[in-house]
Amino acid sequence: MKEKAVVIYSGGMDSFTVLHKALAAGYELYPLSFHYGQRHAKELDVAAAVCQQLGLPHKVVDIRAINTLLAGSSLTDDIEIPQGHYADDNMKSTVVPNRNMILLSLAIGYAVSIGARKVFYGAHSGDHSIYPDCRPEFVQKMNAVSLIANYEPVEVVSPYLSQSKIDILRDGLAMGLDYSQTWTCYNGRERACGKCGACHERLEAFSLNQAQDPLPYEQAEA
Ligand SMILES: [Zn+2]
């Protein structure tokens, strides 16, 4: 019998790669997506389509109610989305307070509920500088807590924790993954904008892998 595992799956390229890596490793996967009030549902639509195609039991949990507690973030509020690179200071406005701790907690609770002993999570090193809750020490400590928080220990598995988005993409391309089945752009228009921090990082990862992003863009990155 296959071992059950939950995978936190946003529909973006990192978690898409993690999902496929876990599938290839032979897990019975339960992808979990969060509707936290994203400006657009495009990532979630893409996630749902991928899960349907793979025949996986996709859950989308609506946690928008938590935004009544949490301070504004440009990903959810009407603050202008900053353009430019993630490393820039202005990208701090894309931080949702305590988001990853909340999402991991819910995923761990879901894992316990369905008898899964692992939660796959796509944190990577490129996020660290601005997102404290993407740093390795955060994920390691969440894992330590997860192992003792319930009667059933649940392990938080982050296969790319010490690697970059470029490494993740390299791995995914080597697996033959089709990244047209992912969405990264903060804007939910028909084509990716090519200008927001998420597009910048994505295009950079493709460029450094000497690969062409299969997604259509409104304009090429300058
Ligand atoms: Zn964009």
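At what angle do helix 3 and helix 4 pack, and how far apart are their axes? In this predicted model, in which local features need pLDDT of at least 70, side-chain atom pairs count only at pLDDT 80 or more, and totals for chains, interfaces and linings use all residues, helix 3 and helix 4 (residues 136-148) pack at an angle of about 30°, with their axes 11 Å apart. Residues are numbered from 1 along each chain as its sequence is written, and side-chain values use heavy atoms, with hydrogens and water left out.

Axes here are lines fitted to C-alpha atoms, for helices over the stretch in contact, and angles run from 0 to 180 degrees between N-to-C directions. The angle of about 30° makes helix 3 roughly parallel to helix 4, given that angles under 35 degrees count as roughly parallel, over 145 as roughly antiparallel, 65 to 115 as roughly perpendicular and the rest as oblique. Helix 3 passes helix 4 in a right-handed crossing; a crossing is left-handed if the near helix is turned anticlockwise from the far one by less than a right angle, and right-handed if clockwise. On the side of helix 3, Asn100, Met101, Leu104, Ser105 and Ile108 meet Phe138, Met142 and Ser146 of helix 4, where contact means heavy atoms within 4.5 Å.

The chain as a whole has six helices and five strands, and from the N terminus on its elements run β-α-β-α-β-α-β-α-β-α-α. Helices (H or I, at least four residues) and strands (E, at least two) are DSSP runs, numbered from the N terminus. Of the 222 residues in the chain, 49% are buried, a term that means under 20% relative accessible area, whereas exposed means over 50% and partly exposed lies in between (1.4 Å probe, protein chains only). Among contacts between residues at least 6 apart in sequence, 71% join residues at least 24 apart.

The contact is made by Met13, Asp14, Thr17 and Lys21 of helix 1 and by Lys165, Ile168, Leu169, Asp171 and Gly172 of helix 5.

Asp14, in helix 1, is buried, with a relative accessible area of 12%, and, not counting residues up to four places away in sequence, Asp14 touches Gly122, His124, Lys165 and Ile168. Ala22, also placed in helix 1, is buried with a relative accessible area of 1%; leaving aside its neighbours within four places in sequence, Ala22 is in contact with Tyr27, Leu29 and Phe120, and its C-alpha atom is separated by 9.4 Å from that of Pro159, which lies 137 residues apart along the chain. Leu173, by contrast, belongs to helix 5 and counts as partly exposed at 32% relative accessibility. The C-alpha atoms of Leu173 and Thr17 are separated by 9.1 Å, although these residues are 156 residues apart along the chain, and the contacts of Leu173 beyond four places in sequence are with Tyr179, Asn209 and Ala211.

The metal site comes next. The zinc ion is coordinated by the SG atoms of Cys185, Cys193, Cys196 and Cys199, at 2.3 to 2.4 Å, donors being N, O and S atoms within 2.8 Å of the metal (3.2 Å for Na, K and Ca), and since water is not among the atoms, sites may look incomplete. Along the chain, the donors of the zinc ion follow the spacing C-x7-C-x2-C-x2-C. Cys185 lies in the loop between helix 5 (165-174) and helix 6 (197-208), and Cys199 lies in helix 6, 14 residues apart from Cys185. Cys185 counts as buried at 2% relative accessibility, and Cys199 is buried as well, with a relative accessible area of 1%. The four donor atoms subtend angles of 103 to 119° around the zinc ion, which makes the arrangement tetrahedral; four donors count as tetrahedral if all angles lie between 85 and 135 degrees, four count as square planar and six as octahedral if opposite donors are over 155 degrees apart and all others between 65 and 115, and anything else is irregular.

Two backbone details remain. Asn98, in the loop between strand 3 (59-62) and helix 3 (99-114), has a phi near 60°, a positive value in a residue other than glycine, and counts as partly exposed at 42% relative accessibility. Gln210, found in the segment after helix 6, likewise has a positive phi, near 50°, and is exposed, with a relative accessible area of 72%.
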